[in-house]
Amino acid sequence: MQKTITLNEFIINQQAEIPEATGNFSRLLHHIGIAAKKVNREINKAGLVDILGRAGHENVQGEEQQKLDVYANDAFMEELQASGECCGIVSEENDEVTTFHEGLCRDAKYIVCMDPLDGSSNIDVNVSVGTIFSIYRRKSPIGQAAVLEDFLQKGSDMLAAGYIIYGSSTMLVYTTGCGVNGFTLDPSIGEFCLSHSNIKTPEAGKIYSINEGNYEKFPIGIKKYIKYCQEKDPKTSRPYTSRYIGSLVADFHRNMLKGGVFMYPPTDSHPTGKLRLLYECNPIAFIAEQAGGMAFSGDERTLDMQPEAIHQRTSFYVGSRCMVKKIHEFLDFFNNI
Ligand code: AHG
Ligand code: MN
Ligand code: MN
């Protein structure tokens, strides 16, 4: 029988390879795994108990919060604080930065940016949703309250990033900069077990993912690229297939495994793009690069962007290298990067 490697065992093994590791980072990841299981439990009950639908208020970005947005936010906040390793959090669902610097978290050296429930508009109809997280080392001195500068670090400074996809099975996928590994939750033992080791995305894919309902509002370069995807050319496997769920995590996860590209360009309603740099684009970009893919926003590598605000939005193009490069060419040619 094949040996089962649980997420915790994997984390401990990785830690053992770094002589100077103290175990703090491992503890943080362990608690993220616990929060993921709690959220998974609630999502699995959705429809049976009164947890679907709107919470009755908006977040700072004017988006209506779902009850599960609030539940997931609370679950991750609690576990991150309980880990004692996290001194501050930026969350899609919190207007301001949250800091912990007393008691258990007195010596904490990590900050976390997260989208507790991604694609939450899909939850009422039983479609995959996700959680996205990224971890950075704080810049401010240990023992004091974390400051804005701790959160406005470039994506290239990230220590780790991951997502949980609550789908037909629940998976936790993460990277610490040494490749990407995926763990599937085995509900019979309540553990995430290594199921996808060292994930690599195909160099060239055949799937393009974009909300084509916004077509008229896209930059000309993106309109032309969509037409390119639809043209027949057997040499380049075109026409490509269009797939769009409306959950970044689920769309990205499928494309990473099968080969494809996800696009969210600027539109009239979101002139700088819709997705949030700190807790959507940057962690997904880090995972994409670690899997051999690419990501850019505006005219630069997403991970090189200097964030200016915690809820900053940006355009986002991520996926298989050949496809992402082609999009860049189209945007460049039509001069609307
Ligand atoms: P969230 O549910 O965290 O607000 O994120 C929704 C995001 C993302 O998951 C998805 O890719 C995108 O919004 C879909 O937007 P459209 O409905 O505009 O296509
Ligand atoms: Mn989201
Ligand atoms: Mn969200």
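Contact here means heavy atoms within 4.5 Å. This is a predicted model, in which local features need pLDDT of at least 70 and side-chain atom pairs count only at pLDDT 80 or more, while totals for chains, interfaces and linings use all residues. Residues are numbered from 1 along each chain as its sequence is written, and side-chain values use heavy atoms, with hydrogens and water left out.

View 1. Helices (H or I, at least four residues) and strands (E, at least two) are DSSP runs, numbered from the N terminus. The C-alpha trace spans about 60 × 50 × 45 Å along its principal axes. Of the 337 residues, 54% are buried, meaning under 20% relative accessible area with a 1.4 Å probe, protein chains only. Among contacts with a separation of 6 or more, 64% join residues 24 or more positions apart.

**View 2. Helices α6 and α7 meet in this close-up.** The axes of α6 (residues 248-258) and α7 (residues 277-290) come within 12 Å and cross at roughly 15°. That makes the two helices roughly parallel, a label for angles under 35 degrees. Axes are lines fitted to C-alpha atoms, for helices over the stretch in contact, and angles run from 0 to 180 degrees between N-to-C directions. From α6 come L248, F252 and M256, which meet E280, I284, I287 and A288 of α7.

**View 3. Look at α6 itself, which is largely enclosed by the rest of the structure because nine of its eleven residues are buried.** The buried residues include L248, F252, H253 and M256. After α6 comes G259, with a positive phi near 100°.

**View 4. Helices α2 and α3 pack against each other here.** The axes of α2 (residues 24-45) and α3 (residues 67-83) are 9 Å apart, at an angle of about 155°. The pair is therefore roughly antiparallel, the label for angles over 145 degrees. Residues of α2 in this contact include L28, I32, A35 and V39, and those of α3 include L68, Y71, A75 and F76.

**View 5. Which residues of helix α5 (residues 220-230) are buried?** They are G221, I222, K223, Y225, I226, Y228 and C229. The cover over these buried residues includes the strands β11 (207-209), β13 (260-264) and β18 (316-319), along with helix α8 (321-333).

Methods: Chains lettered and ligands numbered in written order. Parallel < 35°, antiparallel > 145°, perpendicular 65-115°, else oblique. Buried < 20%, exposed > 50% of the residue type's maximum accessible area, 1.4 Å probe, protein only.
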